[in-house]
Amino acid sequence: MYSILLAGIFILGGFLRFYNIGRCCLSGDGVLTVGIISNSGGLIETWRNVVNGFQGDLPAYYVILDLWSNLTSDSVFWLRAFSVICGSLFILAVYKLAREFFDNKTALLAAYFAAISPLLVFYSRVARYYS
């Protein structure tokens, strides 16, 4: 019973995050992210560019995103899809953590709130390391 509800919550959260992610262009920080990964010649160069030029940013994110864009595409949809997948997996992480400390009903409620939270949905759709 609980696994069916969790699957429904996960699908709902995934739908909210994936809905129209490729429709609009990148703006602001998303453009900066694309600039960082597209101006490099490889994963090691991406790491060096971030460490040397963007102190405070997380170089591992850009290396993973660079690898992701090499495996998929560098279109807006696929760049945002990486963040969307991570944001969707966060729903499961919230459920597991809440179940560890509370009961299954509370864990499902926490996962539901993580799935429909407008703030979490918004940041899951941004192609940046803080998403």
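**Figure 1. Arginine 17 is buried, at 0% relative accessibility.** Buried means under 20% relative accessible area, exposed over 50%, and partly exposed in between, with a 1.4 Å probe and protein chains only. The model is predicted: local features need pLDDT of at least 70, side-chain atom pairs count only at pLDDT 80 or more, and totals for chains, interfaces and linings use all residues. Residues are numbered from 1 along each chain as its sequence is written, and side-chain values use heavy atoms, with hydrogens and water left out. Arginine 17 belongs to helix 1. Helices (H or I, at least four residues) and strands (E, at least two) are DSSP runs, numbered from the N terminus. Beyond its neighbours within four places in sequence, arginine 17 is in contact (heavy atoms within 4.5 Å) with residues including Val84, Gly87, Ser88, Ile91, Ala114 and Arg125.

**Figure 2. Serine 88 and arginine 80 in helix 5.** Serine 88 is buried, with a relative accessible area of 5%. Neighbours within four places in sequence aside, serine 88 touches Phe10, Gly14 and Arg17. Arginine 80 is also buried, with a relative accessible area of 12%. From C-alpha to C-alpha, arginine 80 and phenylalanine 18 are 8.8 Å apart in space and 62 residues apart in sequence.

**Figure 3. Helix 1 against helix 6.** The axes of helix 1 (residues 2–18) and helix 6 (residues 104–116) come within 8 Å. They cross at roughly 10°. Axes are lines fitted to C-alpha atoms, for helices over the stretch in contact, and angles run from 0 to 180 degrees between N-to-C directions. Helix 1 is therefore roughly parallel to helix 6; angles under 35 degrees count as roughly parallel, over 145 as roughly antiparallel, 65 to 115 as roughly perpendicular and the rest as oblique. Helix 1 contributes residues including Leu5, Ile9, Leu12 and Leu16. Helix 6 meets them with residues including Leu108, Ala111, Tyr112 and Ala115. By class, this contact has 12 nonpolar, 2 polar and 2 charged residues. Ala, Val, Leu, Ile, Met, Phe, Trp, Tyr, Cys and Pro count as nonpolar, Asp, Glu, Lys and Arg as charged, and the others, Gly among them, as polar.

**Figure 4. The largest nonpolar core, with 13 residues.** Such a core is a set of buried Ala, Val, Leu, Ile, Met, Phe, Trp, Tyr and Cys residues joined through side-chain atoms within 4.5 Å. Ile37, Tyr61, Tyr62, Leu65, Trp68, Leu79 and Phe82 have the most contacts inside it. Helix 2 (29–38), helix 4 (59–71) and helix 5 (76–101) each supply at least two residues of this core. Leaving aside neighbours within four places in sequence, leucine 65 contacts Thr33, Ile37, Leu79 and Phe82. Another core, of 9 residues, lies apart from it, with Tyr95, Ala107, Leu108 and Ala115 among its members.

**Figure 5. Aromatic pairs, 7 by count.** Rings of Phe, Tyr and Trp (its six-membered ring) pair if their centres lie within 6.5 Å; planes under 30 degrees apart count as stacked, over 60 as edge-to-face and the rest as tilted. Tyrosine 112 and phenylalanine 113 form a tilted pair, 6.0 Å centre to centre with 50° between the planes. Tyrosine 112 is partly exposed at 34% relative accessibility, and phenylalanine 113 is partly exposed at 48%. Phenylalanine 122 and tyrosine 123 pair edge-to-face, at 5.1 Å centre to centre and 80° between the planes. Ring pairs also link Phe18, Trp68, Phe77, Trp78 and Phe82 into a cluster.
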